[in-house]
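Trainee: I am new to this one and would like to go through it step by step. Could we start with how the helices pack and then move on to the ligand?

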Amino acid sequence: MHQDHRALGLAPLSTVARNSVSGAIDIAQGKPVQPVTLVRPHAAARAARFFVEKFPGRSMYAVKANPSPDLIKILFDNGITTFDVASIGEVRMVARTVPEATLCFMHPVKAEEAITEAYFKHGVRTFSLDSMEELEKIMRATRNASDLTLCVRLRVSSEHSKLSLASKFGVSPQDAKPLLFAARQAADALGICFHVGSQAMTPEAYADAMERVRAAIVDAAVTVDVIDVGGGFPSTYPGMEPPPLERYFETIHRAFESLPISYSAELWAEPGRALCAEYSSIVVRVEKRRGNELYINDGAYGALFDAAHIGWRFPVALLREPESTVRDHPFSFYGPTCDDIDHMAGPFLLPADIQTSDYFEIGMLGAYGSAMRTAFNGFGSDETVIVEDEPMASMYAIVEREAASNVVKL
Ligand SMILES: *Cc1c(COP(=O)(O)O)cnc(C)c1O
């Protein structure tokens, strides 16, 4: 199927994608010289509906994970109407893209001018903070506004997550009491937020963090109106297959229900990765093979930053017809730039007979992949095509099939 890319604000289609396109294999058959980004609106819509229907509170989207305006519109249209923004650039972009959305400025260290513009120009009322200094800054920047929701960011452990977010932000348990007390005085609504680290591999991460929240509330003896469990909800990658998201939601709900907070307190979450990982992938070409090393046309400065710098293993699939029948073999990749660190160790499993000019898809790049591309060394491409086939893995597809078969059983 072909959609009007201009209407969606995507890059113009190249000759490769002008035909009707249903999946990755069609792209490879067009033999594109540059890497091509595939986007799957249906996958992002499905993830959004899943959170809207099943998370026992309000889900906002952490824009940092993938700031594509097209994606933001898809999420909004599927019920995600609140956005976690971290910079004035994100505030402006989301306000422009979905003017009716609610924005929450959840970076604990902000420029004063950014707070002023967000409050007075874009209607932002929710801000996070992790220090007295930031609290004073927010009050100055909003001229002592009386309609603020202030979320104090607690430091929690990242031990269950693949990417730590434990050292940079968050007030330590010892210092939380005076800050919660001061924020309570200044705020219309007081929240407590945290981030367990990205790609949390077990629901226990949230249970542990909620225990810290409980201790902080008891210690400070303040009334809390919002508990925001942050991001960290996982996606699925080779060697990193987490339990179903429902288990996370159950654990969070149970912990939330037992906190000493008011009956009307709200539960919020800020998923980034989980809402967008399945949204996009890339089709790349092999430019050279040297033993087990494939030189490909995208890399660390393109969509593969995480594969290069933190050893993330994304799923891969050869796009060749007829399909190779040769057994899989472990490969590492070199990206196109002249830099030695443009290297992705993997291992990535591809048929052992893969060779120069073969194409393959690298999946699950919707989160922190597309968002971090650069044009370093003259490489990279903005070519984007909408496809309708399934993402290479999914936290949601199986759930939908189960739901469908349940309906049949009834
Ligand atoms: C990065 C970030 C998120 C999103 O994290 P994911 O692991 O992608 O879900 C949410 N909230 C804050 C404050 C963040 O910095």
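Mentor: Happy to. One cut-off first: angles under 35 degrees between axes count as roughly parallel. Keep in mind too that this is a predicted model.

Trainee: How are α5 and α6 arranged relative to each other?
Mentor: Helix α5 covers residues 88-97 and helix α6 covers residues 112-122; they pack at an angle of about 20°, with their axes 10 Å apart. Angles under 35 degrees count as roughly parallel. The two helices, α5 and α6, are therefore roughly parallel to each other.

Trainee: Which residues of α6 make the contact with α5, and what is the hand of the crossing?
Mentor: From α5 come Ile88, Val91, Arg92 and Ala95, and by class the contact of α5 with α6 has five nonpolar, one polar and two charged residues. On the α6 side the residues are Ala114, Glu117, Ala118 and His122. As for the hand, α5 passes α6 in a crossing that is left-handed.

Trainee: How do α6 and α7 lie relative to each other?
Mentor: Helix α7 spans residues 132-141, and the axes of α6 and α7 come within 8 Å and cross at roughly 50°. That angle makes α6 and α7 oblique.

Trainee: Which residues of α7 meet α6, and how many residues of that contact are charged?
Mentor: The crossing of α6 and α7 is right-handed. Glu112, Ile115, Thr116 and Phe120 of α6 make the contact with Glu134, Lys137, Ile138, Arg140 and Ala141 of α7. By class there are four nonpolar residues and one polar residue, and the number of charged residues is four.

Trainee: How do α3 and α4 lie relative to each other?
Mentor: Helix α3 runs over residues 41-54 and helix α4 over residues 69-77, and they pack at an angle of about 45° with axes 8 Å apart. That angle makes α3 and α4 oblique.

Trainee: How many nonpolar residues does the contact of α3 with α4 have?
Mentor: The crossing of α3 past α4 is right-handed. Pro41, Ala44, Ala45 and Ala48 in α3 meet Leu71, Ile74 and Leu75 in α4. The contact has no polar and no charged residues, and its nonpolar residues number seven.

Trainee: Now the ligand. Which residues are the closest to the ligand?
Mentor: The ligand is surrounded by 14 residues. The closest are Lys64, Ser198, Glu270, Arg273 and Tyr368.

Trainee: Where is Pro347 placed, and what kind of peptide bond joins Gly346 to Pro347?
Mentor: Pro347 sits in strand β16, residues 343-351. With omega about 0°, the bond that joins Gly346 and Pro347 is cis.

Trainee: Where is Pro322 placed?
Mentor: The peptide bond from Glu321 to Pro322 is cis, with omega near 0°. The place of Pro322 is the loop between β14 (316-318) and β15 (328-334).

Trainee: What is the phi of Ala221?
Mentor: Ala221 is found in the loop between α9 (204-220) and β10 (226-228). Its phi has a positive value in a residue other than glycine, near 50°.

Note on methods: Residues numbered from 1 in each chain as written. Predicted model: local features only at pLDDT ≥ 70, side-chain atom pairs only at ≥ 80, totals over all residues. Heavy atoms only, no water. Axes fitted to C-alpha atoms, helices over the stretch in contact; angles between N-to-C directions. Helix = DSSP H or I, 4+ residues; strand = E, 2+ residues; numbered from the N terminus. Parallel < 35°, antiparallel > 145°, perpendicular 65-115°, else oblique. Left-handed = near helix turned anticlockwise from the far one by under 90°. Contact = heavy atoms within 4.5 Å. Nonpolar A, V, L, I, M, F, W, Y, C, P; charged D, E, K, R; others polar. Near = heavy atom within 4 Å.
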